Amino acid sequence: MLRLSVRPMDEVIYSRYSDGRRKPSLGLHPGAESCRPASEPAAMPHLNLQLSGSPDPDLSRRAAALIADLTVEVLGKPRELIAIAIHYVDRAHWFIDGRSLADWGRDAFHLDISITDETNTKGEKARYLQQVHAQLSALIGEVHETSYIHVIDARAAAYGYGGLTQERRYQLAQSSAKG
């Protein structure tokens, strides 16, 4: 019988230093936590966070800081390029399984984060979802399990900031490197 060894995707992409830290391979940034090639400009994230309840500036600040920190730590995104918009939805207008959150007596959140496609591994995205869900739930309290996080892998040619797509930034970096 043929036996196959299955390893997590991160183990395929990364090898390890003797102290257990991941060692990038395949031409990745030294110490990189993503699969972005060294010649590619930093990928930027844009985040939209919906929270149930009435607008709360203190909660907004704490939630923004929490997801920004996790976006830097887990996905390796540069803090200076993180943009976060927070919107509130009244519990009476947020429904799960046909019942409003007011009826459930719970809160919920929905996070969409847009990142440049192929800049993070499946494992990194899975860890991000787990950590964001756990930490936002702890911050908000009494969160319904049906709170979603969507990591949107946007094509580099269709996504950017400052008037340039990520693909164009990549092309400019390539031509500068040859230059």
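At the start of helix 2, which backbone nitrogen does a side-chain oxygen of Asp 56 reach?

This is a predicted model, in which local features need pLDDT of at least 70, side-chain atom pairs count only at pLDDT 80 or more, and totals for chains, interfaces and linings use all residues. Residues are numbered from 1 along each chain as its sequence is written, and side-chain values use heavy atoms, with hydrogens and water left out.

View 1. A side-chain oxygen of Asp 56 comes to within 3.0 Å of the backbone nitrogen of Asp 58.

**View 2. The buried residues of helix 2.** Leu 59, Ser 60, Ala 63, Leu 66, Ile 67, Ala 68, Leu 70 and Thr 71 are buried (under 20% relative accessible area, 1.4 Å probe, protein chains only). Their cover includes strand 3 (46-52), strand 4 (83-89), strand 7 (109-116) and helix 4 (122-140).

**View 3. Helix 2 against helix 4.** The two helices pack at about 160°, with axes 10 Å apart. Helix 2 is therefore roughly antiparallel to helix 4 (an angle over 145 degrees). Their crossing is right-handed. Among the residues that meet are Leu 59, Arg 62 and Leu 66 in helix 2, and Tyr 128, Val 132 and Leu 139 in helix 4.

**View 4. Ser 100 in strand 6 (residues 99-100).** Ser 100 is buried, at 5% relative accessible area. Leaving aside neighbours within four places in sequence, Ser 100 is in contact (heavy atoms within 4.5 Å) with Arg 91, Ala 92, Trp 94 and Phe 95.

Technical notes: Buried < 20%, exposed > 50% of the residue type's maximum accessible area, 1.4 Å probe, protein only. Helix = DSSP H or I, 4+ residues; strand = E, 2+ residues; numbered from the N terminus. Polar contact = N/O pair within 3.5 Å; in protein donor to acceptor, adjacent residues only side chain to side chain. Axes fitted to C-alpha atoms, helices over the stretch in contact; angles between N-to-C directions. Parallel < 35°, antiparallel > 145°, perpendicular 65-115°, else oblique. Left-handed = near helix turned anticlockwise from the far one by under 90°.
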